[in-house]
Amino acid sequence: MSSKKVVELFYDVVSPYSWLGFEVLCRYRNVWNIELKLRPAFLGGVMQGSGNKPPGLVPNKFQYMTKDLPLLSQYFEIPLKFPSDPFEAIFKKGSLSAMRFLTAVQEREKGGDKQLEQVSRELWRRIWSEDKDITEPSSLSEAAKKAGLSDSDVKELLQLSSSKEIKNKLKSTTQDALDFGAFGFPLCVCHVDGGPQMFFGSDRFELMANCIGEKWLGPQPEKSAAKL
Ligand code: GSH
């Protein structure tokens, strides 16, 4: 039996803070004694289900994000860049088709999450680094191919993503996040002895490390460990 602590990460590629949380946990999955479970979910559904509203719709919060994200990008060494029209990219276009696609990738990849990890990263890179679309089938296809999937994989995944099964799977993962008390992403749920402990945001890693009995070594644990 594995003694690894299970850490679930609920995320949506429309969320730049989720990208930070995702990359940090991918870096730490070999440093901390954890089993990382990636849970692609739909942030729009979490906002609706929790009665919250996106920070980008509160003018002062949006202004703050335009300053906060470049600083975080540098600190975490993740190439975040605002889309040229953030409102169109985030709110008009949104991420429903991208999250259904990722749900299909996960469903088809039973037993591993290497493809899910790579395709998620490529979709974030498109919307939050390269100012590119993530809604059209051709965009999803490009991201998946960059992640190493074949033409026939992509064709199958595009079909699967519009199936009832996948739509329901995304809904149920989103509901799982809401059941843990989600009101935004990223949401990390650490399964510790006292039960599940949730952390909202990509700025809770120090506290999370303390909760699971590990050490926070900064955003680049491999680099800082090498310096010790
Ligand atoms: N302080 C958090 C961090 O640094 O990660 C902010 C995370 C955040 O603003 N996430 C957005 C969200 O869901 C999505 S990108 N916010 C909900 C809220 O702020 O209530």
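Some ground rules before we start: numbering runs from 1 along each chain as its sequence is written, and side-chain values use heavy atoms, with hydrogens and water left out. Since the model is predicted, local features need pLDDT of at least 70 and side-chain atom pairs count only at pLDDT 80 or more, while totals for chains, interfaces and linings use all residues.

**The core**

Let's begin inside. A nonpolar core here is a set of buried Ala, Val, Leu, Ile, Met, Phe, Trp, Tyr and Cys residues joined through side-chain atoms within 4.5 Å. Buried means under 20% relative accessible area, exposed means over 50%, and partly exposed is in between (1.4 Å probe, protein chains only). The largest such core has 66 residues, and those with the most contacts inside it are Tyr11, Leu25 and Leu123. Helix α1 (residues 16-28) supplies the largest share of this core, 8 residues. Helices (H or I, at least four residues) and strands (E, at least two) are DSSP runs, numbered from the N terminus. As background, nonpolar side chains tend to be buried together in soluble globular proteins.

What does Tyr11 touch, leaving aside its neighbours within four places in sequence? Its contacts (heavy atoms within 4.5 Å) include Phe22, Leu38, Pro40, Met99, Leu116, Trp124 and Phe185.

Trp19 is also worth a look. Trp19 lies in helix α1 and is buried, at 2% relative accessibility. Beyond its neighbours within four places in sequence, Trp19 is in contact with Ile78, Pro79, Leu80, Trp124, Arg125, Trp128 and Ser129.

Over in helix α5 (residues 96-108) sits Thr103, buried at a relative accessible area of 1%. A polar atom of the Thr103 side chain lies 2.6 Å from the backbone oxygen of Met99. Leaving aside neighbours within four places in sequence, Thr103 contacts Pro40, Ile166, Lys169 and Leu170.

**The ligand site**

Now for the ligand. It is surrounded by 14 residues, the closest being Asn52, Gly184, Phe185, Ser202 and Asp203; a residue is near the ligand if one of its heavy atoms lies within 4 Å of it.

| Residue | Protein atom | Ligand atom | Distance |
|---|---|---|---|
| Asn52 | side-chain N or O | oxygen | 2.8 Å |
| Phe185 | backbone N or O | nitrogen | 2.9 Å |
| Ser202 | backbone N or O | oxygen | 2.6 Å |

Taken alone the ligand exposes 500 Å², and the protein buries 84% of that. Those areas come from the Shrake-Rupley method with a 1.4 Å probe; for residues, only the protein chains shown count as cover.

**Aromatic pairs**

Rings of Phe, Tyr and Trp (its six-membered ring) pair if their centres lie within 6.5 Å; planes under 30 degrees apart count as stacked, over 60 as edge-to-face and the rest as tilted. How many aromatic pairs turn up in the whole structure? The search finds 14.

Take Phe62 and Phe87: the ring centres are 5.2 Å apart with planes at 40 degrees, so this pair is tilted. Phe62 belongs to helix α3 (residues 59-76) and Phe87 to helix α4 (residues 86-93), so the pair ties together parts 25 residues apart in sequence. Phe62 is buried at 16%, while Phe87 is partly exposed at 36%.

Phe82 and Trp128 also have ring centres 5.2 Å apart, but their planes are at 75 degrees, so this pair is edge-to-face. Phe82 is in the loop between α3 and α4 and Trp128 in helix α6 (residues 114-129), 46 residues apart. Phe82 is partly exposed at 21% relative accessibility, whereas Trp128 is buried at 1%. Ring pairs link Phe62, Phe82, Phe87, Phe91 and Trp128 into a cluster.

Most residues other than glycine have a negative phi, and most peptide bonds are trans. Here, a cis peptide bond joins Phe185 and Pro186, with omega about 0 degrees. Pro186 is in the loop between α9 (164-180) and β3 (187-192). Trp19 and Pro186 are 167 residues apart in sequence, yet 8.2 Å apart in space, C-alpha to C-alpha.

Glu77, not a glycine, has a positive phi of about 55 degrees; it is found in the loop between α3 and α4 and is partly exposed at 44%. Asp131 has a positive phi of about 55 degrees too. Asp131 sits in the loop between α6 and α7 (137-146), partly exposed at 36%.

Notes. Polar contact = N/O pair within 3.5 Å; in protein donor to acceptor, adjacent residues only side chain to side chain.
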